[in-house]
Amino acid sequence: MQGLFHPEKKQVRPTFAPVATIVQGQTLQVMQAGSEDIPALLALEQKVYHGPLPWDASSFKTELRKKNTVYLVVYHAENLVAFIGMRFAPVECHITNFAVDPSWQSHGLGTYLLQLMLNWAKNNDSKYVSLNVRSDNLGAQRLYRTFGFTITNVQENYYQDTHTAGLRMVMRLKPDLAGKGKRSFE
């Protein structure tokens, strides 16, 4: 993925080879999302948000078609238990959507997925990673802060379904102090 989204290079769709990982003694399959995952993505959103869904099927279809976006899904057996999406750009990557099944929260799965995306961003020499989070989602905010995200802006009524404020959080990636050309987190 090195240099994948630099303006001087032809833009190529990011790819992710499926992997198995173990979380809480359970084997999970992590793979790149496709249109066939949309019903499961919507069902997981329903579990997480308990009401109006932030995204509908057409939103997911649009995101999955973009050349500079990648979505990862995590399955336990046949059940989708988490997903994360990121839009890649040379300067700033943006986490577009992120959900973990409530029964899988606080087990390290969200941390694992966020770390995967942050590694992807730093390997592409991005300088920042940003995201938006509901002002009342304290658990997610805590997770993002442990990685070094800070609030840079509050957007009133950002989430139209609930009229909840959105917090824009940004993490600055900096060059590795060892000078090896790799990047590390602040």
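Select histidine 107 to begin: leaving out residues up to four places away in sequence, histidine 107 touches Val23 and Gln24, where a contact means heavy atoms within 4.5 Å. Histidine 107 sits in the loop between β5 and α3, and with a relative accessible area of 33% histidine 107 is partly exposed; here buried means under 20% relative accessible area, exposed over 50%, and partly exposed in between, with a 1.4 Å probe and protein chains only. The model is a predicted one, in which local features need pLDDT of at least 70 and side-chain atom pairs count only at pLDDT 80 or more, while totals for chains, interfaces and linings use all residues. Residues are numbered from 1 along each chain as its sequence is written, and side-chain values use heavy atoms, with hydrogens and water left out.

**Next, select glutamine 24**

The C-alpha atoms of histidine 107 and glutamine 24 are separated by 6.6 Å, although the two residues are 83 residues apart along the chain. Glutamine 24 is found in the loop between β1 and β2 and is exposed, with a relative accessible area of 55%. Most residues other than glycine have a negative phi.

Strand β1 (residues 19-23) and strand β2 (residues 26-32) pair in the antiparallel sense over five bridges, a pairing being called when DSSP finds at least two bridges between two strands. Within this hairpin, which has two residues between the strands, isoleucine 22 stands opposite threonine 27 in β2.

**Then step back to the whole chain**

Helices (H or I, at least four residues) and strands (E, at least two) are DSSP runs, numbered from the N terminus. The chain has four helices and nine strands, and in order from the N terminus the elements run β-β-α-α-β-β-β-α-β-α-β-β-β. Of the 186 residues in the chain, 43% are buried. Among contacts between residues at least 6 apart in sequence, 58% join residues at least 24 apart.

Colour the chain by pLDDT, the predictor's confidence in each residue from 0 to 100. The mean pLDDT of the chain is 84, and 84% of its residues reach 70 or more. Confidence is highest in strand β4 (residues 79-87), at a mean of 96, and lowest in strand β9 (residues 183-185), at 34. Over residues 1-12 pLDDT stays under 50, and over residues 177-186 pLDDT likewise stays under 50. Where pLDDT is low, the predicted coordinates should not be read in detail.

**Select the nonpolar cores**

A nonpolar core is a set of buried Ala, Val, Leu, Ile, Met, Phe, Trp, Tyr and Cys residues joined through side-chain atoms within 4.5 Å. The largest core has 36 residues, and those with the most contacts inside it are Ile95, Phe98, Leu109, Leu114, Val129, Tyr144 and Phe149. Elements that give two or more residues to this core include β5 (92-100), β6 (128-134), α4 (138-146) and β8 (164-175), while α3 gives the most, with seven residues. Centre the view on phenylalanine 149: leaving aside neighbours within four places in sequence, its contacts include Ile95, Leu114, Val129, Tyr144 and Met169. Apart from this core lies another, of 13 residues, among them Ile38, Leu64, Val73 and Tyr75.

**Finish with the aromatic rings**

Rings of Phe, Tyr and Trp (its six-membered ring) pair if their centres lie within 6.5 Å, and planes under 30 degrees apart count as stacked, over 60 as edge-to-face and the rest as tilted. The structure holds eight aromatic pairs. In one of them, the rings of tryptophan 55 and phenylalanine 60 have centres 5.2 Å apart and planes at 50°, so the pair is tilted; tryptophan 55 and phenylalanine 60 are both buried.

Move on to phenylalanine 88 and tryptophan 120, whose ring centres are 5.5 Å apart and whose planes stand at 65°, so the pair is edge-to-face. This pair links distant parts of the chain, with phenylalanine 88 in the loop between β4 and β5 and tryptophan 120 in helix α3, 32 residues apart. Phenylalanine 88 is buried, with a relative accessible area of 1%, and tryptophan 120 is buried with a value of 7%.
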